[in-house]
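Hi,

Here is the structure I promised to pass on to you. Have a look at it when you get a moment, and then read on for my notes.

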Amino acid sequence: MSHATGMKYLKDGVLPHMWCPGCGVGVMLGALLRSFEELGYRREDTVVVTGIGCTGKADDYLVTNALHTTHGRALTYATGIKAFNPALHVVALMGDGDSVTIGGNHFLHTARRNMDITAIIINNFNFGMTGGQFSGTTPGGMFTQTCVYGNPERGVNICALAEVAGANYVARTTPYHVWEMKTSIKEALTKKGFSVVEVYSPCPTNFGRHNDMKTAADMLHWLRDKALPVDEFNRRPLQEREGFFPIGKMVDRNEPDFNERYDQIRTIACKG
Ligand SMILES: Cc1ncc(C[n+]2csc(CCOP(=O)(O)OP(=O)(O)O)c2C)c(N)n1
Ligand code: SF4
């Protein structure tokens with residue numbers, strides 16, 4: 001039996017890639033490209049939109065349509081593309097800085113509109129590309145280059161935010177759970193409406209080294225040991241959830257997406 005490699009979506013001669021050893025971005029990109037292949041996506045029908053950052057470099061490697069945009073605004077470009085041509089598969093790849101720190105407002109409104117876009121978010125709990133400053137998702141008490149005594153703020157829960165803001169599909173995964181990651185990405189790609197796959201991701205270079213996880217393996221073990229399937233997490237009493245996080249599918253609903261509602265209103269307006 002042959003397995004999808006996703007290689008046909010990679011430009012020739014681009015490897016090795018730019019990401020540090022042990023970084024989660026390449027693992028996510030591999031899972032995305034294998035998902036494209038398994039779903040039979042054609043490069044001309046597929047648009048990968050990125051923001052700025054280590055995650056935002058992913059579009060450099062692809063033969064699909066790809067658009068490298070500005071920090072925090074990937075979802076605005078993706079929204080324009082999808083509104084103009086609903087037939088396209090539109091995927092936005094963003095870091096936690098891109099998606100919910102500088103880009104938090106756009107994230108909220110893309111979910112509220114329920115745009116038919118798949119957002120894949122590499123949450124490495126810091127601004128990787130610029131040297132490891134804390135971001136909107138850095139957990140309280142953890143350390144970064146700009147909170148060396150511990151973060152006094154609390155981190156945004158991206159999945160919870162996506163759920164209350166109106167996304168149709170929300171899941172969390174990690175590079176340790178790479179097979180489940182591909183399943184989540186395929187579900188997200190095929191779900192109509194706004195889909196979010198959050199990838200808790202190792203950044204050994206800038207986050208791990210400040211938090212007693214100096215190697216890629218240390219970071220993967222942290223993700224392995226702290227991740228709980230969402231049902232198991234929810235069954236635990238609150239005090240036993242401390243320090244753990246849920247993974248798996250958290251939201252799967254079928255609210256009409258933006259284009260569907262727009263078409264309904266246009267039909268009514270045209271009749272009037
Ligand atoms: C408007 C704007 N502000 C700031 C920057 C500088 N900048 C570039 S990448 C980056 C952080 C990226 O962090 P994140 O989005 O979490 O992605 P990662 O590098 O961790 O994948 C920042 C602040 C920029 N390019 N544009
Ligand atoms: S700095 Fe962090 S996010 Fe950027 S490539 Fe290296 S490990 Fe990945």
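The notes below go through the surroundings of the two ligands in turn.

Please keep in mind that this is a predicted model.

Let me begin with ligand 1. Its shell holds 16 residues, and those that come nearest are Cys 54, Thr 55, Gly 97, Asp 98 and Gly 128. Sorted by class, nine residues of this shell are polar, five are nonpolar and two are charged. As for secondary structure, α3 (96–101) and β5 (126–127) each contribute at least two residues to the shell around ligand 1. The largest share, three residues, belongs to α3.

Thr 55 places a polar side-chain atom 2.7 Å from an oxygen of ligand 1. Asp 96 takes part through its backbone, with an N or O atom 3.4 Å from a ligand 1 oxygen. Asn 126 also uses a backbone N or O atom, here at 3.3 Å from an oxygen of ligand 1. Taken alone, ligand 1 exposes 590 Å², and the protein buries 73% of that area.

Now to ligand 2. Which residues are around ligand 2? They are Trp 19, Cys 20, Cys 23, Cys 54, Asn 124, Gly 128, Cys 203, Pro 204, Thr 205 and Asn 206. By class, this shell has six nonpolar and four polar residues, with no charged residue.

One more thing to look at on screen: Cys 54 and Gly 128 are among the residues that come nearest to ligand 1, and Cys 54 and Gly 128 are also listed around ligand 2.

Best wishes

How values were computed: Residues numbered from 1 in each chain as written. Chains lettered and ligands numbered in written order. Predicted model: local features only at pLDDT ≥ 70, side-chain atom pairs only at ≥ 80, totals over all residues. Heavy atoms only, no water. Near = heavy atom within 4 Å. Nonpolar A, V, L, I, M, F, W, Y, C, P; charged D, E, K, R; others polar. Polar contact = N/O pair within 3.5 Å; in protein donor to acceptor, adjacent residues only side chain to side chain. Areas by Shrake-Rupley, 256 points an atom, 1.4 Å probe, with all protein chains shown as cover. Helix = DSSP H or I, 4+ residues; strand = E, 2+ residues; numbered from the N terminus.
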